[in-house]
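Student: I have a structure to read. Can we go through the terms one by one?

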Amino acid sequence: MTLVMTLLARDEADVVDAWLAYHLAAGADFVIATDNRSRDGTTEILERYAREGYVRLLHEPGEDLRQDEWVTRMARLAASEYGADWVINSDADEFWWPRGASLSEVLEAVPPRYGTVSAFLRTFCPRPDGDGPFAERLTVRFSALAPINDPASLYKPIRKVIHRGHPEIRLARGNHALLDSPFAPLRGWYPIEVFHFPLRSLAQCEHKARLQGTAFERHIARPPTAYHARMYEALREGRIADYYASVVVDDEELERGVGSGRLVVDTRLRDALRRLRDPSGEGYLRPGEAPRLAFPTPTLVEDAEYAVEAAVLGEADLVRLQRRLDTLERRLLSLELRLPNRVYRKLAGAAKRVLGRDVP
Amino acid sequence: MTLLVRDEADVVDAQIAFHLHAGVDLVLATDNDSRDGTREILERYARAGVLHLLDEPGDDMRQSQWVTRMARLAATDFGADWVLHADADEFWWPRGGTLKEVLAAVPARFGVVRGCWRHFLPRPDDGGFFAERMTVRLCTPAHPGDKETIFHAHQKVAHRAHPEVVIEAGNHNADAPGLEPLRAWHPIEVLHFSFRSVAQLAGKAERGGWLRNPEYVPPAHQLRLRRAFEEGAIREFYEAHAVDDDALERGLATGRLALDTRLRDALRALRGPDGGFALPGGAPRLSFPRPDYREDAAYAAEASVLVEIDGIVRAERRVDALERRLARLEAAGLRRAVARRLRRLARR
C-alpha cells in the first residue's frame with residue numbers, strides 16, 4: 001500500500017518542516033510538493049527533503065492561485081508515476097491525524113468498493129505571539145459541539161476528501177471535493193482528523209491575507225471563503241492587527257472557553273512533534289532516523305464525543321441541501337405564477353360569467 | 001431491554017442470559033401466545049426477579065403498539081435510564097465496554113442511539129444449538145431499501161427512557177419529545193440470527209401474526225417465506241439460504257462472508273453442562289473488547305448505507321428528481337401546462 005501526499009505551499013517556512021517530518025513519520029510514503037513563489041525559506045526546506053528522496057518538488061510560478069489545477073496535477077502524478085494507492089491532498093497548515101493506526105494502515109483497511117473517505121477538519125485557535133515552534137503555542141482548538149451561526153467563522157465544520165490514486169482524478173474547491181469521481185464515498189466514518197492551523201502569528205496572518213486576497217481579487221472568479229474576505233478587508237483598511245487581536249485566544253478567554261465547552265486543549269500534535277525534534281539542535285530528525293509515531297485507539301467515550309462533533313458534518317450537508325431546495329422552490333413558484341395561471345384566471349372568470357357559477 | 005416473543009424456545013434462553021450478562025438490568029417481556037416452551041423460559045427469569053412478564057394474546061402482531069407499551073412502562077414503572085428493544089433472535093453486542101458503559105458514554109443532549117444489524121447466515125441444519133453452528137457472518141448486506149431479503153442493512157434503536165415514547169414497527173426508530181438522535185455512530189452491533197433451523201422457520205411462517213395485522217404491509221421477504229410454507233417447501237427455502245462448506249469457502253475468499261465466533265464463545269461461557277443458561281451472578285460478566293481500526297473500517301462500510309438512508313442521500317435524490325422535473329417543465333412544459341388547464345376547464 002502506497003500513500004502519497006500532495007502539498008501546495010507558498011511562504012510557509014514556519015510550518016513546512018514540521019509538516020514533512022510529521023507526515024513521513026505518520027504513514028505517508030512520499031510527498032509531491034508544489035512550491036508557489038515562496039520567498040521565505042520554504043523552497044529550501046522542500047529542496048532538502050527532495051534531495052533526500054522523500055519529495056518530488058514542482059515549481060509553479062503562477063500568481064493566480066489555480067489551486068484546483070495545481071493540486072489535480074499533483075494528484076494525477078501520484079497515481080501515474082508513484083503508484084499511489086491512496087492520495088491525501090494537503091495544505092501546509094494541515095496535519096492529518098489517524099484514529100487508531102498510521103495513516104496508511106487506516107486507509108488500507110477501507111473495503112475495496114469504497115474509493116473516498118472524508119476527514120474532519122479541526123481548526124486550532126491562534127494564540128498570543130511568542131517564540132518557538134507554532135505547535136508549542138497552538139494547543140487549543142474550537143469544539144464543534146458549540147453552535148456556529150456565522151458563515152464567516154473560521155471554525156465552520158468542514159471535511160476534506162481523501163481518495164484512491166487515479167490518473168484522471170479532478171480536484172475541486174480547494175481539495176474539498178472531487179469532480180466526476182469514479183469512486184464511491186464511504187460516508188459517516190471519519191477515521192482521520194485534520195488539525196488545521198490557519199492563523200499562527202500576526203505577521204503570518206498579515207502575509208496570508210495579502211497573498212490570498214490579491215489572488216482572489218485579481219485572478220479568481222469565485223468569491224473567497226468568507227473568513228478570507230473578512231481578513232483581506234481588514235488588511236486593506238489598515239486594521240489587520242485589530243482583526244488578529246480579535247481572533248486570538250488569550251489565557252483568560254481560554255479559561256472561559258474550556259469552562260463552557262467551546263474550546264478544548266489538544267496537545268496531540270505538539271507531543272508528536274516533540275518526539276520528532278532533533279535532540280542535537282534545530283529542526284527535525286531525518287525521516288530515516290525518526291521513530292514511527294503511534295496513534296492510540298480512542299476510547300469509547302472519546303469516540304462518542306467525536307461522533308457528536310462529526311455529526312455536524314452531516315448537518316452541514318443538510319443545510320446545503322435546504323439551500324438548494326429554497327432555490328428550487330423559488331424557481332417553481334415563478335414558473336407557476338407565469339402564463340398558465342394568468343390564462344386560467346382569465347378563462348375561469350369568463351366561464352363564471354357564462355355559466356353563472358364559481359369554477360373551483 | 002424489551003422483548004416481544006412468540007415461539008422462540010430455541011433461542012430465547014440464550015438471548016436473555018446473554019443480555020443480562022452484557023449490562024442489561026431488567027427485561028420487560030411480552031409473550032404473544034407462545035406454545036413451544038418459550039413461556040416457561042420467561043417464567044424462570046421472572047421468578048428470579050430479572051424479568052417482568054406481560055401477556056398479549058392478540059393474533060395480529062401489533063408490534064409497534066406492544067413494544068411502545070413496554071417502552072413506556074420501562075420509564076414509568078421501572079426507573080429505566082435507557083431502553084433497548086430487541087427481538088429474540090438479536091444479540092446486542094457493545095463495541096467496547098458493556099451495554100451500560102456504551103450508553104453512558106452518550107452525551108446528555110442525545111437521547112437515541114442506533115445499533116447496526118449484522119446478519120449471521122443459516123448453516124446446514126444438523127439439529128445442533130444455533131450458536132454452535134451459525135458462525136458465518138454476511139459482510140455485504142443488501143441495501144436498506146431492498147426488502148426482497150431479510151439480510152439487508154438496518155438499524156435498531158436504543159433510547160433514553162421516556163413516558164411518551166413511540167416505537168416504530170420493527171424497532172428501528174423511537175420518537176418522543178426531546179429525544180435527539182446521535183446520528184452516524186453505531187456503537188452497538190446487533191448480531192442477528194433470523195433463520196436458524198427448518199423447524200424454527202416453519203413455525204415462524206405458520207404462526208407469524210404479521211399477516212393478520214391489517215395496518216402492516218409485509219415486506220417481500222416475509223411474503224416469500226409464507227408462500228414457501230403454504231407450498232410445503234420450507235426445507236427447500238431454508239436450504240436455498242443456508243451456507244454449506246463450499247459456499248463458505250468461496251464467500252471467505254471474496255470477503256462476502258466472515259467467520260465470527262464471538263457469540264458462540266460468549267454463550268459457551270454462560271451455558272452449563274446441562275445446556276441451561278446461567279442466571280445473573282451465575283457466570284462472570286461478559287467482556288467486550290474495543291475493536292481495532294480494521295474492524296472499525298469493515299463495520300463503517302456496512303453502517304455507511306445506514307448513514308445514507310438517514311437523510312442526506314434520500315434528500316439528495318429528491319432534489320435531483322425535482323431539478324430534472326423542473327428543467328423539463330422550464331424547457332417545454334409551459335404549453336402543455338396551459339393545455340392541461342384548458343382541458344380541465346372544458347370538462348367542467
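Student: Why are H6(A) and H7(A) called roughly perpendicular to each other?
Tutor: This is a predicted model, where local features need pLDDT of at least 70, side-chain atom pairs count only at pLDDT 80 or more, and totals for chains, interfaces and linings use all residues. Residues are numbered from 1 along each chain as its sequence is written, with chains lettered from A and ligands numbered from 1 in the order in which they are written. Now the angle. The axes of helix H6 (residues 202-219) and helix H7 (residues 226-236) of chain A cross at roughly 105°. Angles of 65 to 115 degrees count as roughly perpendicular, so H6(A) and H7(A) are roughly perpendicular.

Student: Which residues of H7(A) make the contact with H6(A)?
Tutor: A:His228, A:Met231, A:Tyr232 and A:Leu235. Contact means that C-beta atoms, placed from the backbone, lie within 7 Å.

Student: Why do the buried residues of H10(B) line one face of the helix?
Tutor: Helix H10 (residues 262-270) of chain B has the buried residues B:Leu263, B:Ala266, B:Leu267 and B:Leu270. A residue is buried if 20 or more other C-beta atoms lie within 10 Å of its own, exposed if 12 or fewer, and partly exposed in between. Seen down the axis of H10(B), the buried residues fall within an arc of 95°, so they line one face. The arc is that of the directions from the helix axis to the C-beta atoms.

Student: What does the face of H10(B) turned away from its buried side carry?
Tutor: The exposed residues B:Asp265 and B:Arg268.

Student: How many residues of chain A are in contact with chain B?
Tutor: 40 residues of chain A, with 43 residues of chain B. H11(A) gives the most to the chain A side, with 18 residues.

Methods:
Contact = placed C-beta atoms within 7 Å. Helix = DSSP H or I, 4+ residues; strand = E, 2+ residues; numbered from the N terminus. Axes fitted to C-alpha atoms, helices over the stretch in contact; angles between N-to-C directions. Parallel < 35°, antiparallel > 145°, perpendicular 65-115°, else oblique.
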